[in-house]
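This note sets out some points for a colleague who is meeting the structure for the first time. Please read them with the sequence and the model side by side.

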Amino acid sequence: MSSSVLLQGFGLGLSMIIPIGAQNAFVLNQGVRRHHHVATATLCFLCDFALIALGVFGGGAMLSSNETLLSVVTLGGIAFLLTYAYQSLKRAWVGEEESTESESAKTGKGLMAVLIGAAAVTLLNPHVYLDTVVVLGSIGGQFEPAQRTAFAVGTMLASMVWFYGIALGAAKMSPVLSKPNVRKTIDILVAGMMIYVAFLLMQKWMMGLEG
């Protein structure tokens with residue numbers, strides 16, 4: 001396995017993953033709240049693992065040519081992002097205690113909801129497919145089989161380092177980031193990010209219809 005190709009995959013993987021703002025905002029938000037943040041990071045990493053493998057080992061062209069599937073994913077993503085933005089703004093307006101259940105109840109039955117949210121913010125964003133499957137897949141497909149594996153491993157390591165890094169880092173800083181004013185600011189910024197990404201997706205989808 002070539003270390004230079006692995007490092008190339010790692011660097012390119014970071015450049016693709018870091019700008020996916022809605023996904024990062026979701027992981028960061030769970031980390032600040034210390035609410036199943038490790039499980040959130042794990043699910044995001046496993047989704048990337050599967051999508052990168054699909055792209056590098058041959059599935060990118062099939063997905064990029066399926067306009068109907070991409071349209072369904074886009075509309076689902078817009079709906080989820082706007083819903084999550086509304087929830088974040090509600091927390092910022094009325095506070096964490098009034099807008100959610102008690103901490104014990106939330107922890108007891110909230111894992112599935114968090115995992116569904118993490119899956120939605122990952123899989124209902126067409127940028128994830130375009131970046132991890134199509135772009136990384138087309139680049140990785142140019143390597144010989146052994147080097148292709150090294151490239152895929154490098155991009156997967158980038159995903160793992162990034163998601164666990166922001167989840168654990170946010171949890172570590174939670175005593176500071178969870179102060180009411182800071183928490184409110186984060187919720188507003190997260191909502192703004194979600195609305196912005198939803199707007200970009202809607203704009204791109206409408207341009208596709210016109211085209």
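1. What span should the 15 residues of helix H8 (residues 126-140) have, and how far apart are its end C-alpha atoms? At 1.5 Å a residue, H8 should span 21 Å, and its end C-alpha atoms lie 20 Å apart, which agrees. The expected span is 1.5 Å times one less than the number of residues in the helix. Helices here are DSSP runs of H or I with at least four residues, and strands are runs of E with at least two, numbered from the N terminus.

2. The model is predicted: local features need pLDDT of at least 70, side-chain atom pairs count only at pLDDT 80 or more, and totals for chains, interfaces and linings use all residues. Residues are numbered from 1 along each chain as its sequence is written, and side-chain values use heavy atoms, with hydrogens and water left out.

3. The protein chain has an average pLDDT (the predictor's confidence in each residue, from 0 to 100) of 80, and 84% of the residues score at least 70. Confidence is highest in helix H9 (residues 145-172), with a mean of 92, and lowest in helix H6 (residues 103-109), with a mean of 46. The pLDDT is below 50 over residues 98-109, a stretch that has eleven contacts in the model beyond near neighbours in sequence. A contact means heavy atoms within 4.5 Å.

4. Eleven helices and zero strands make up the element count of the protein chain. Of the contacts between residues at least 6 apart in sequence, 87% join residues at least 24 apart. Buried residues (under 20% relative accessible area, against over 50% for exposed and in between for partly exposed, with a 1.4 Å probe and protein chains only) account for 43% of the 211 residues.

5. Within H8, the buried residues include Pro126, Tyr129, Leu136, Gly137 and Gly140. Val56 belongs to helix H3 and counts as buried because its relative accessible area is 3%. Leaving aside neighbours within four places in sequence, Val56 is in contact with residues including Leu136, Gly137, Gly140 and Phe151. Val56 and Phe143 are 87 residues apart in sequence, yet 9.5 Å apart in space, C-alpha to C-alpha.

6. A second pair separated in sequence is Lys184 and Lys90: they are 94 residues apart along the chain and 9.9 Å apart in space, C-alpha to C-alpha. Lys184 is found in helix H11 (residues 180-210). Its relative accessibility is 39%, so Lys184 is classed as partly exposed.

7. The loop between helix H2 (21-33) and helix H3 (37-64) contains Arg34, and His36 also lies in the loop between H2 and H3. Phi is near 50° at Arg34, a positive value in a residue other than glycine. For His36, likewise other than glycine, phi is positive and near 55°. Arg34 is partly exposed because its relative accessible area is 45%.

8. The count comes to one cavity of 30 Å³ or more. On a 1 Å grid over the protein atoms alone, a cavity is a set of points where a 1.4 Å probe fits but cannot get out, and lining residues have an atom within 4 Å of a point. About 30 Å³ of space lies in the largest cavity, whose lining includes Ala22, Phe80, Val121 and Asn125. Three lining residues, the largest share, come from H4.

Technical notes. On a 1 Å grid over the protein atoms alone, a cavity is a set of points where a 1.4 Å probe fits but cannot get out, and a pocket is an open set with protein on both sides within 12 Å along at least five of seven lines; lining residues have an atom within 4 Å of a point. Grid points are joined across faces, edges and corners, and a volume is the space filled by probe spheres set on the points.
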